[in-house]
Amino acid sequence: MTQQRPFVIVGAGLAGARAAQTLREEGFDGRIVLFGEETERPYERPALSKGLLLRTSERDSVFVHDAGWYADHDVDLRTDTRVTALDRRSRQVTVADGQRFPYDRLLLATGSRARTLPIPGAHLDGVLRLRTLADSDRISDALVDGANVVIVGAGWIGLEVAAAARTRGATVTVVETADLPLQRVLGDQLATVFADLHRAQGVTFHFGTQVHEFQGSNRVRAVLLADGTVLAADLVVLGVGVQPNTELAEQAGLAVDNGVLVDDTLRTSDPDIWAAGDLANAHHPLLGTRVRVEHWAHALHSGPAAARGMLGQAVSYDRLPYFYTDQYELGMEYTGHAPPGSYDRIVVRGELSSGEFIAFWTARGRVLAGMNVNVWEVTGPIGQLIRSRQPVDLDRLADPTVALDSLIRQG
């Protein structure tokens, strides 16, 4: 049955685009309005810090759908349009030019934005963040052979940019407040693997310090660290994390805490509104805790799950968090959820020095998460180990000659 009011999706990223696609695939024949602040049609973000910076991927490969898909499927895609207000009582959204649009069901997929640093010189040309396709274009254009590139933050984005910059011949320095890259996420043992990987490629690290000032007249020329070190810089990339775009939800009075709070159906505190992607802080029915995930796979799958919920279908979003990275010759996949303090032992299957291994984060013998490095076709068994919620023999888990499937059967 055609709805009198449209289904409205605020946020034209991967989650929003996939939600619109799912609505059509599930037979919804009412009007769909998809709002996006960027001028580009919806695209996927992984290549922004990988293939596009390396120039091994074509720019057109990042888009979720062909340019004609939206019109062909009667999806009213409104790019370069910012939704400024949400009125839950009248069930309307207002855009920047004052137009108001009614909705029957609403999906918030406004994502997140890259954090900046409130320090002198942050406004200078050449101090960039990586969040959008336009950001990736600007950074890629600046990665010329011999350029001095300073990356602030040794998280996943920072390290991927570092790998691309070194591969393209830039001189790369990474500044990080912790003692190792990815230290909080991986722990010292695994973090050292990534530090060694980048050092072997010529990356210089400054750990245990922070940026005091970006220097230059109109364009950045140097970075002054808190310990007094001055780094030459033709380009600075900030990789200091992201924050969810919750302002619209907060203004509307939805429950918000590190993202928009949703249940395992991705429904918010308002029964007519759902949230997906980076924005959603969801109760995970398997993990028994709230999880807000900022990775591609979550946007890919949570958008469709929310769409099915909007159609009244039974939904329980219990996909395990998953992400991947490619840095030089290292390829990695991570499945599960093991925040600091949740695990008591990391079990390594294989030799770290070999560059091919699997690491498992465990608690009381149960597998919480697994990271496979240059070992492939194991994400399925890793996920099954996590889902089993049963203790395993950790000595056998560490033994590469023991099939992971056999541990699952024993569990």
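Buried means under 20% relative accessible area, exposed means over 50%, and partly exposed lies in between (1.4 Å probe, protein chains only). The model is predicted: local features need pLDDT of at least 70, side-chain atom pairs count only at pLDDT 80 or more, and totals for chains, interfaces and linings use all residues. Residues are numbered from 1 along each chain as its sequence is written, and side-chain values use heavy atoms, with hydrogens and water left out.

**View 1. Tyr 328 in the loop between strands S22 and S23.** The loop joins S22 (322–327) to S23 (330–336); strands are DSSP runs of E with at least two residues, helices are runs of H or I with at least four, and both are numbered from the N terminus. Tyr 328 is not a glycine, yet its phi is positive, about 55 degrees. Its relative accessibility is 19%, so Tyr 328 counts as buried.

**View 2. Asn 374 in the loop between strand S26 and helix H10.** S26 covers residues 366–373. Asn 374, a residue other than glycine, has a positive phi near 55 degrees. Because its relative accessibility is 22%, Asn 374 counts as partly exposed.

**View 3. Helix H10 (residues 379–388) and the residue after it.** Buried in H10 are Pro 381, Ile 382, Gly 383, Leu 385 and Ile 386. An α-helix has 3.6 residues a turn, so residues three or four places apart point the same way. Arg 389 follows H10 and has a positive phi, near 60 degrees.

**View 4. The crossing of helices H1 and H9.** The axes of H1 (residues 14–25) and H9 (residues 296–310) come within 7 Å and cross at roughly 35 degrees; axes are lines fitted to C-alpha atoms, for helices over the stretch in contact, and angles run from 0 to 180 degrees between N-to-C directions.

**View 5. Residues in contact between H1 and H9.** On H1, Leu 14, Ala 15, Arg 18, Ala 19, Thr 22 and Leu 23 take part. Their partners in H9 are Trp 296, Ala 299, Leu 300, Gly 303, Pro 304, Ala 307 and Arg 308, contact being heavy atoms within 4.5 Å. By class, the contact of H1 with H9 has nine nonpolar, two polar and two charged residues; Ala, Val, Leu, Ile, Met, Phe, Trp, Tyr, Cys and Pro count as nonpolar, Asp, Glu, Lys and Arg as charged, and the others, Gly among them, as polar.
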